[in-house]
Amino acid sequence: MSPHVVMAQRDHVRLDWRRPYRTLERVRPVAWTCACRATVYELCEGGGRAFIRRTTQLDGSRQVDESPRWPVNEARVIWTALLSGRAR
């Protein structure tokens, strides 16, 4: 089973979510949260860069947003912060 994102902590960092734009070539999800919730997150990597994709599904509609691109190691730190409620 994939992890769940915990509730945001009071002092969490707000991520800059944007509509998807020209993506990196050969991007692949390497980690994701459980699909049992309305919002699913994926950590995507490719070409030495990484970003987080957020997909929200409500009432039959689907909205996809993406974070900025970061170096892979930095993205993994932010991914951990997201899962633990320190970023949203």
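**Cysteines, core and buried contacts**

Me: How far is the sulfur of C44 from the closest cysteine sulfur?
Reply: This is a predicted model. The closest cysteine sulfur to that of C44 belongs to C34. The gap is too far for a bond, because it comes to 17 Å.

Me: How many disulfides does a search of the whole structure find?
Reply: A disulfide needs two cysteine sulfur atoms within 2.5 Å. C34 is in no disulfide, and its nearest cysteine sulfur, that of C36, is 3.4 Å away. The count for the whole structure is zero.

Me: Is C34 buried or exposed?
Reply: Buried means under 20% relative accessible area. C34 has a relative accessible area of 12%, so C34 is buried.

Me: Where does C44 lie, and what is its relative accessible area?
Reply: C44 lies in strand β2. Leaving out residues up to four places away in sequence, C44 touches V27, R28, P29, R49, A50, F51 and R53. C44 counts as buried because its relative accessible area is 0%.

Me: What distance separates the C-alpha atoms of C44 and A75?
Reply: Along the chain, C44 and A75 are 31 residues apart.

Me: Which element supplies the largest share of the largest nonpolar core?
Reply: This core has 16 residues, and those with the most contacts inside it are L15, Y41, L43, I52, W70 and W79. β2 (39-46), β3 (49-58) and α1 (72-83) each supply at least two of its residues. The largest share is seven residues, and it comes from α1.

Me: Which residues does W79 contact, leaving aside neighbours within four places in sequence?
Reply: W79 is among the core residues with the most contacts inside the core. Beyond its sequence neighbours, W79 is in contact with A31, W32, T33, Y41, E42, L43 and I52.

Me: Which residues form the aromatic pair, and what is the angle between the planes?
Reply: A search of the whole structure finds one aromatic pair. W17 and Y41 form it, with 6.1 Å from centre to centre. The pair is tilted, and the angle between the planes is 45°.

Me: How many residues apart are W17 and Y41?
Reply: The pair links distant parts of the chain. W17 is in the segment before β1 (28-32), while Y41 is in strand β2. They are 24 residues apart.

Me: Are W17 and Y41 buried or exposed?
Reply: The cut-off for buried is under 20%. W17 has 16% relative accessibility, so W17 counts as buried. Y41 has 7% relative accessibility, so Y41 too counts as buried.

Me: Which polar atom is 2.9 Å from the backbone nitrogen of Y41?
Reply: Look at the loop between β1 and β2, where T33 has its place. T33 is buried, because its relative accessible area is 3%. T33 touches Y41 and W79, among others. The atom at 2.9 Å is a polar atom of the side chain of T33.

Me: Which side chains make polar contacts with the side chain of E66?
Reply: E66 is found in strand β4 (residues 61-66). At 3% relative accessibility, E66 counts as buried. Another spans 3.0 Å, to the side chain of R69.

Me: What is the C-alpha to C-alpha distance between E66 and D16?
Reply: D16 is one of the residues that E66 touches. In sequence, E66 and D16 are 50 residues apart. In space, C-alpha to C-alpha, the distance is 8.2 Å.

Me: Which ring face does R69 lie over?
Reply: R69 also makes a side-chain polar contact with E66. At 3.9 Å from the ring centre, R69 lies over the face of F51.

Me: Which backbone nitrogen does the side chain of S67 reach?
Reply: S67 lies in the loop between β4 and β5 (70-71). S67 is buried, because its relative accessible area is 0%. Outside its sequence neighbours, S67 touches D16, W17, Y21, F51 and I52. At 2.8 Å, its side chain reaches the backbone nitrogen of I52.

How values were computed
Residues are numbered from 1 along each chain as its sequence is written. This is a predicted model: local features need pLDDT of at least 70, side-chain atom pairs count only at pLDDT 80 or more; totals for chains, interfaces and linings use all residues. Side-chain values use heavy atoms; hydrogens and water are left out. A nonpolar core is a set of buried Ala, Val, Leu, Ile, Met, Phe, Trp, Tyr and Cys residues joined through side-chain atoms within 4.5 Å. Buried means under 20% relative accessible area, exposed over 50%, partly exposed in between (1.4 Å probe, protein chains only). Helices (H or I, at least four residues) and strands (E, at least two) are DSSP runs, numbered from the N terminus. Contact means heavy atoms within 4.5 Å. Rings of Phe, Tyr and Trp (its six-membered ring) pair if their centres lie within 6.5 Å; planes under 30 degrees apart count as stacked, over 60 as edge-to-face and the rest as tilted. A charge sits over a ring if NZ of Lys or CZ of Arg is within 6 Å of the ring centre and within 35 degrees of the ring normal. A polar contact is a pair of N or O atoms within 3.5 Å; within protein, one must be able to donate a hydrogen and the other to accept it, and residues adjacent in sequence count only if both atoms are side-chain atoms.
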